[in-house]
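Please take a look at the model below. A short tour of its contacts and packing follows.

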Amino acid sequence: MSDEKHHISSYLSHIMVLMGLIVLTVITVLITSVEMGPYNTAAAMLIASIKGAIVLLYFMHLRFDNKIYGVMVAIVIAIFAAVIVVTFFDYLYR
Amino acid sequence: MAEHTETKYLPNYLEYQGKHKGLLGWLTTTDHKRIGLLYFYSMMTFFLAGVVMGLLMKFELISPGEQIMGAQTYNGLFTLHGLTMIFLFVIPGVAAVYGNFFLPILIGAKDVSFPRLNLMSWYLYILGAIVVLSSQFMGDGPPDTGWTFYAPYSLKTQTNVVAAVTGAFILGFSSILTGLNFVVTMHRLRAPGMGWLRMPLFAWSLYGTGWIQLLATPIVGITFLMVIAERLLGIGFFDPAIGGDPILYQHLFWIYSHPAVYIMILPAMGAITEIIPTFARKTIFGYTAIVISSMAIAFVGYFVWGHHMFTSGMSSTSRWVFSLLTFLVAIPSAIKVFNWTATLYKGSINIQPPFLWAISFIFVFMIGGFSGLVLGSLATDIHTHDTAFVVAHFHYIVFGGTGFAFFGALHYWFPKMFARVYNTKVANIGLLIFFIGFNMLYFPMFYLGLIGMPRRYYDYLPMFHNANILSTVGSWILAIGLIIIIVNLFRARKATGKIVDDPWDGKTLEWTTSSPPIVENFEEIPVVDHGPYEY
């Protein structure tokens with residue numbers, strides 16, 4: 001493992017990511033005051049997904065890591081998405 | 001039969017004295033073998049407690065009417081029995097004990113990737129167990145929901161549900177960390193020359209299990225947090241009275257808890273796959289097919305949870321989709337059974353206790369599997385849902401599967417773990433009595449379910465009496481067999497005798513190291529240049 005190169009992120013990039021997450025959190029709260037019906041949930045999920053992606057890419061270094069880890073995470077997300085789709089399949093046809 | 005290797009002295013894991021000695025040495029150990037034994041002793045304690053609870057429930061059912069307990073006590077007891085057996089025994093089960101002990105040895109490593117995290121997993125397991133058991137003594141009485149905590153009842157009951165689900169939540173963390181550790185270990189620490197397709201099949205089964213632990217367990221963790229939030233804060237996730245959906249709870253619960261069946265059964269299948277070629281003295285039939293079937297079970301197992309919900313009010317479209325998917329999972333399971341039997345074909349079979357446990361496993365697992373088809377099929381499930389048939393089915397799968405494999409693996413690896421040889425004749429007698437008791441206990445419950453006896457009641461109509469007597473007597477026979485098995489192993493543990501490194505003529509790496517294994521498993525990391533089962 002010692003021969004592998006490790007990417008060291010700058011403080012600036014960490015602070016930028018932190019600011020981005022805070023801004024997105026504020027938007028999540030503010031958006032609840034806009035009446036969009038079921039799309040409120042979709043908007044909250046979308047913002048949460050963006051936040052999750054930022055954490056994965058920068059704080060967890062996925063962006064700088066070997067591509068195989070990105071593929072593994074993508075497979076995990078695909079399985080999770082499939083589970084969600086199958087669950088909502090029930091609600092769609094009930 | 002290889003003699004004990006005598007080169008330079010290296011302390012084995014049992015006698016090694018590190019920074020701390022005695023009990024403190026065990027409680028602070030990061031040696032995967034010692035952690036495996038910590039799991040073993042704690043899980044056996046919980047298992048035996050669960051057995052006693054089961055015996056008490058069966059005694060209550062020996063005759064209609066109240067015998068030794070009333071309805072509320074019975075409800076609390078079957079909940080605690082389920083929580084203990086599912087969360088404290090079969091889910092950590094074969095993986096936590098034999099996975100911890102043997103995975104690094106099987107792949108030629110010194111330890112798991114994260115030894116301290118491994119110890120932390122055990123502490124989380126113990127903490128979770130304490131919190132689960134504390135639910136019996138705190139608050140307004142033991143939970144009476146069953147281990148499934150179905151909403152909205154789990155939200156309404158005055159019993160101490162919060163402590164029980166909090167304990168289960170903590171146990172989930174233990175499971176996730178063990179899965180993570182095993183997956184990373186197999187990716188990073190395989191010995192030189194051990195490609196993925198040279199890995200023993202027990203290791204492959206742990207790989208599939210590890211991914212399920214990682215991906216499915218968080219979902220039930222969040223679900224339990226939602227139950228706590230709803231009970232304490234009144235948020236309407238699941239209670240229809242405040243805008244929730246109780247079927248959503250069932251979805252979320254079974255999204256984890258059905259794959260959890262594969263967390264229990266995949267390592268069990270892996271252990272059986274190690275035993276069969278050793279005692280058939282023959283290369284495993286269809287190595288690659290077994291690898292693919294392990295991963296296929298892990299994958300397809302994610303998408304079959306709805307078969308627990310056919311009578312819940314789920315949409316009819318979802319019902320037939322889940323039924324279809326459920327039948328698909330039978331294919332990789334059957335592939336394993338065909339491969340085991342094909343391995344036996346023309347083998348030089350050495351009939352020893354581990355082998356007898358393995359073929360007993362196949363027998364009871366087949367009955368469990370076939371009765372599962374009755375429950376996976378929409379029309380027949382409507383008739384048998386929530387009856388004793390379901391109880392019989394999952395005991396054939398969970399106890400007959402994981403339990404038989406657990407004891408089979410114990411008899412297989414016991415000489416390696418403890419460098420002691422047990423009395424094979426007594427072991428065989430114990431198994432025979434256990435096997436008779438097991439079938440006598442659970443098989444009548446198929447019949448009882450088919451004629452309409454509901455599950456989870458302390459009382460029943462007189463028409464169910466005869467089969468219940470048979471079942472209760474079966475539970476006593478099973479207990480006698482279990483006592484013989486445990487006493488036999490306990491006596492062997494205390495006995496002194498000739499130490500043999502490879503008593504069964506096994507070919508995987510654990511049989512190349514000393515008995516018991518030295519602290520870092522091998523004097524030198526082995527170089528692997530062939531497959532795991534070359535006879």
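In this predicted model, the contact between the chains draws nine residues from chain B and nine residues from chain A. On the side of chain B that touches chain A, helices α9 and α11 (316-344) each supply at least two residues. That side of chain B holds five nonpolar residues and four polar ones, with no charged residues.

Let us pick one of them: which residues does B:A203 touch, not counting residues up to four places away in sequence? The partners of B:A203 are B:L103, B:L106, B:I107 and B:M186.

Now to a pair of helices in chain B. The axes of α2 (residues 32-60) and α5 (residues 115-134) come within 10 Å and cross at roughly 10 degrees. Angles under 35 degrees count as roughly parallel, so α2(B) is roughly parallel to α5(B). Here are the residues through which these helices meet:

| Helix | Residues in the contact |
|---|---|
| α2(B) | B:H32, B:I35, B:L38, B:Y39, B:S42 and B:F46 |
| α5(B) | B:P115, B:N118, B:L119, B:W122, B:I126 and B:A129 |

What is the make-up of the contact of α2(B) with α5(B), in nonpolar, polar and charged residues? Nine residues of this contact are nonpolar and three are polar, while no charged residue takes part.

Technical notes. Residues numbered from 1 in each chain as written. Chains lettered and ligands numbered in written order. Predicted model: local features only at pLDDT ≥ 70, side-chain atom pairs only at ≥ 80, totals over all residues. Contact = placed C-beta atoms within 7 Å. Helix = DSSP H or I, 4+ residues; strand = E, 2+ residues; numbered from the N terminus. Nonpolar A, V, L, I, M, F, W, Y, C, P; charged D, E, K, R; others polar. Axes fitted to C-alpha atoms, helices over the stretch in contact; angles between N-to-C directions. Parallel < 35°, antiparallel > 145°, perpendicular 65-115°, else oblique.
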